[in-house]
Amino acid sequence: MCGIVGIVGSTPVNQSIYDALTVLQHRGQDAAGICTLESNRFRLRKANGLVRDVFEAKHMQRLQGNVGIGHVRYPTAGSSSASEAQPFYVNSPYGISLAHNGNLTNAADIRETLFEQAKRHVNTTSDSEILLNILANQLEHCPSYPISPDEIFKSVSEVHRIVKGAYAVVAMVIGHGLIAFRDQNGIRPLCIGKREEQGKTEYMVASESVALDAVGFDFVRDIAPGEAVYITFDGQLFTQQCADNPQLNPCVFEFVYFARPDSFIDKVSVYGARLAMGTKLGEKIKREWGDIDIDVVIPIPETSCDSALEIARTLDKPYRQGFVKNRYVGRTFIMPGQQMRRKSVRRKLNAIRSEFKDKNVLLVDDSIVRGTTSEQIIEMAREAGAKKVYLASAAPEIRFPNVYGIDMPSANELIAHGREVDEISNIIGADGLIFQDLQDLVDAVAEGNPEIKLFETSVFNGNYVTGDVDQEYLEYLDSLRSDDSKKQLEIQQDLASLELHNEGI
């Protein structure tokens with residue numbers, strides 16, 4: 001998962017993009033980048049690390065210009081090498097810089113076609129660079145200069161026809177403007193806002209509405225599935241539907257885990273959705289665990305706190321904060337490498353012993369992916385003195401890999417793949433384990449926007465909404481996503497970068 005931002009302003013945008021990226025940091029902690037445009041020159045800074053570490057004062061001073069885009073990243077099918085950091089750019093036509101959130105499911109085929117037919121070389125394993133070259137190749141065939149809005153939209157329409165998968169995109173074209181568009185299923189989120197500054201209207205696009213809030217832009221609306229937005233550098237706004245058969249199928253896992261609770265995505269309050277998840281799961285616990293003696297409900301911070309509060313209310317049990325979180329350790333789910341995830345859990349959380357001692361505890365988590373964190377947290381609860389430790393997951397069992405931009409790896413690394421609930425419970429050491437029903441999860445999120453008829457729920461049921469994912473592709477993705485594969489890829493890329501450096505390139 002990644003976060004993207006783009007601003008067309010009337011004053012320098014470097015600080016606004018920086019501030020927006022800091023509130024989108026939860027969407028990616030592997031790398032960050034900002035590209036601004038001044039005097040028809042891109043000014044780019046990107047590197048591995050958190051936003052606060054990548055951008056020093058000297059970098060911010062160089063990022064001049066009233067237009068810019070930004071990106072925070074964590075690796076999915078590619079590696080976490082610095083060469084994969086975004087935004088990317090190409091020189092032709094005109095000069096284009098692009099940032100992307102999502103994953104293309106036909107990237108391998110497109111890469112080959114780009115080289116053989118369009119004579120374009122993609123230098124990284126990133127599908128974002130592939131997407132950039134597809135867009136560039138389409139814009140290159142536009143006959144007029146400057147390119148008209150209609151030609152921009154025609155180019156985006158061709159991109160939609162060529163690429164498959166999930167993508168929210170923001171791009172700058174020198175001499176023209178900023179382009180933003182969203183995949184025709186609306187899997188990955190994207191919204192637009194505006195503000196008045198010195199009598200001029202400025203526009204901003206971002207992955208989540210909270211980024212608009214952070215820098216003083218008013219939320220206008222979500223960008224529709226398949227829609228493209230074109231904002232000229234002098235502030236003219238154009239929009240058009242560019243997909244043949246758009247339909248809104250947002251990723252339900254955005255509401256479970258990824259998005260901030262103060263965001264609205266496709267008219268749904270993330271906070272409200274998590275409260276509703278808690279209510280529905282609380283009702284299920286009441287039905288199925290009526291004979292279990294629970295003394296206290298404790299969330300595993302912090303995405304699950306809202307759901308846990310509603311579970312406690314529904315069960316009429318005390319709600320307590322039993323873990324103190326070290327906020328200076330990153331989200332373990334996003335961290336590349338299983339070994340790093342294991343080491344970080346106990347540095348990340350510490351138990352308040354008085355809340356566990358001699359109690360039957362119901363822990364609540366937003367989801368269970370690999371089970372590594374769950375197992376260690378249950379151990380911590382027992383070490384703190386809990387008599388019984390039960391675990392409730394606000395999401396159903398995650399049994400299938402995600403192909404749309406979330407690093408839910410190969411199936412054999414998912415603890416629920418091929419296992420029943422009792423077996424999972426035994427592995428993580430719980431006295432009892434209960435999952436949210438998929439229909440209840442869907443209903444909880446849909447309460448905020450009944451117009452959404454189908455969510456992207458493939459990690460739970462294996463149904464991929466784009467209709468182009470087969471076992472062969474899953475096996476290919478598995479070969480890219482395992483921790484060993486990623487490490488090997490990073491070594492190869494770092495060696496290649498070193499060779500280029502030594503050759504003076």
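**Close-up views of helix packing and nonpolar cores**

**View 1. Helices H4 and H5 in this predicted model cross with left-handed geometry.** The axes of helix H4 (residues 107-116) and helix H5 (residues 127-140) come within 10 Å and cross at roughly 45°, which makes H4 oblique to H5. On the H4 side the contact is formed by Ala 107, Ile 110, Arg 111 and Leu 114, and on the H5 side by Asp 127, Ile 130, Asn 133 and Ile 134. By residue class, this contact of H4 with H5 comprises five nonpolar, one polar and two charged residues.

**View 2. Helices H9 and H10 form a right-handed crossing.** Helix H9 (residues 270-288) packs against helix H10 (residues 305-315) at an angle of about 40°, their axes lying 7 Å apart, and H9 is therefore oblique to H10. Among the residues making the contact are Tyr 271, Arg 274, Met 277 and Ile 285 of H9, together with Asp 306, Glu 310, Ile 311 and Leu 315 of H10. The residues of this contact of H9 with H10 divide into seven nonpolar, five polar and six charged.

**View 3. The largest nonpolar core has 40 residues.** Phe 253, Phe 255 and Val 445 have the most contacts inside this core, to which helix H8 (253-258), H9, helix H14 (438-446), helix H15 (458-461) and helix H16 (471-481) each give two or more residues. When neighbours within four places in sequence are left aside, Val 445 is in contact with Val 252, Phe 255, Val 268, Ala 273, Met 277 and Phe 455. Apart from this core lies another, of 32 residues, which includes Ile 110, Leu 139, Ile 147 and Ala 228.

How values were computed:
Residues are numbered from 1 along each chain as its sequence is written. This is a predicted model: local features need pLDDT of at least 70, side-chain atom pairs count only at pLDDT 80 or more; totals for chains, interfaces and linings use all residues. Side-chain values use heavy atoms; hydrogens and water are left out. Axes are lines fitted to C-alpha atoms, for helices over the stretch in contact, and angles run from 0 to 180 degrees between N-to-C directions. Helices (H or I, at least four residues) and strands (E, at least two) are DSSP runs, numbered from the N terminus. Angles under 35 degrees count as roughly parallel, over 145 as roughly antiparallel, 65 to 115 as roughly perpendicular and the rest as oblique. A crossing is left-handed if the near helix is turned anticlockwise from the far one by less than a right angle, and right-handed if clockwise. Contact means heavy atoms within 4.5 Å. Ala, Val, Leu, Ile, Met, Phe, Trp, Tyr, Cys and Pro count as nonpolar, Asp, Glu, Lys and Arg as charged, and the others, Gly among them, as polar. A nonpolar core is a set of buried Ala, Val, Leu, Ile, Met, Phe, Trp, Tyr and Cys residues joined through side-chain atoms within 4.5 Å. Buried means under 20% relative accessible area, exposed over 50%, partly exposed in between (1.4 Å probe, protein chains only).
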